[in-house]
Amino acid sequence: MFKGLSNLGSIIKQAQQLGGQMQGLGEKLKERRASGAAGGGLVEVEINGLLEILECKIDPSLVDGGDREMIEDLVAAAVNQAITKGKQLHAEAMKDLTSGLELPGLQDALAQVTGEEEPEGEQSQPEEKQE
């Protein structure tokens with residue numbers, strides 16, 4: 001009956017440790033960068049790990065062409081690509097931060113966030129990321 005209480009104390013201690021480490025995570029993510037591009041590089045967007053847009057570049061030839069709808073579509077595509085990469089930065093930072101912690105369900109939750117959820121016993125090769 002009291003066996004679970006010792007585990008509870010350990011979990012609380014680990015959670016407190018994690019809370020302290022989380023405070024510095026925001027600053028680290030603010031310094032990390034991810035980018036997205038669309039239209040063969042005609043539109044490029046750079047964000048930080050907090051998903052704040054830092055820069056948006058639009059090739060002058062697009063503006064000169066005057067196709068507002070195309071520009072809007074390309075900006076949206078580039079932003080979405082950058083956000084996807086930014087979320088991956090955030091998930092990887094969380095995974096690094098929590099490695100070694102034995103909080104029930106934590107690793108499963110992080111695997112879902114990073115898209116690494118796989119059936120038990122099956123391991124696939126990681127995809128190469130193109131930037």
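User: Which side chains does the 2.8 Å polar contact join?
Analyst: The side chains of Asn48 and Glu52 are joined by that polar contact of 2.8 Å. Bear in mind that this is a predicted model.

User: Where does Asn48 lie?
Analyst: Asn48 is part of strand S2.

User: Buried or exposed? I mean Asn48.
Analyst: Asn48 is buried, because its relative accessible area is 2% and the cut-off for buried is under 20%.

User: What is Asn48 in contact with, leaving aside neighbours within four places in sequence?
Analyst: With those neighbours set aside, Asn48 contacts Leu29, Lys30, Arg32, Arg33 and Leu54.

User: On to Leu51. What is its phi?
Analyst: Leu51 has a positive phi, about 70°, although this residue is not a glycine. Leu51 sits in the loop between S2 and S3.

User: And how exposed is Leu51?
Analyst: Leu51 is partly exposed, at a relative accessible area of 35%.

User: Now the sheet. What order do the strands have?
Analyst: The order is S1-S2-S3 in an open sheet of three strands, and the pairing is antiparallel. S1 (33–38) and S3 (53–58) are the edge strands, each pairing on one side only. On average, neighbouring strands of this sheet are turned by 15° against each other, ignoring direction.

User: How many bridges between S1 and S2?
Analyst: Six bridges pair S1 with S2 (residues 43–48), in the antiparallel sense. Ala37 stands opposite Glu44 in S2.

User: Which helix lies across the strands?
Analyst: Helix H3, residues 68–98, lies across S1, S2 and S3. H3 runs at about 150° to S1.

User: Which residues make up the largest nonpolar core?
Analyst: That core has twelve residues: Ala34, Ala38, Val43, Val45, Ile47, Leu62, Ile71, Leu74, Ala78, Val79, Ala82 and Leu89. S1, S2 and H3 are the elements that each give two or more residues to this core. H3 gives the most, with six residues.

User: Why would such residues group together?
Analyst: In soluble globular proteins, nonpolar side chains tend to be buried together.

User: Take Ala82. What is it in contact with, leaving aside neighbours within four places in sequence?
Analyst: Beyond those neighbours, Ala82 is in contact with Ala34, Ser35, Gly36, Val45 and Ile47.

User: What about the other core, which residues are in it?
Analyst: Another core, of five residues, lies apart from the largest one. Among its members are Leu29, Ala93, Met94 and Leu97.

Key
Residues numbered from 1 in each chain as written. Predicted model: local features only at pLDDT ≥ 70, side-chain atom pairs only at ≥ 80, totals over all residues. Heavy atoms only, no water. Pairing = 2+ DSSP bridges. Helix = DSSP H or I, 4+ residues; strand = E, 2+ residues; numbered from the N terminus. Axes fitted to C-alpha atoms, helices over the stretch in contact; angles between N-to-C directions. Contact = heavy atoms within 4.5 Å. Buried < 20%, exposed > 50% of the residue type's maximum accessible area, 1.4 Å probe, protein only. Polar contact = N/O pair within 3.5 Å; in protein donor to acceptor, adjacent residues only side chain to side chain. Core = buried A, V, L, I, M, F, W, Y, C linked by side-chain atoms within 4.5 Å.
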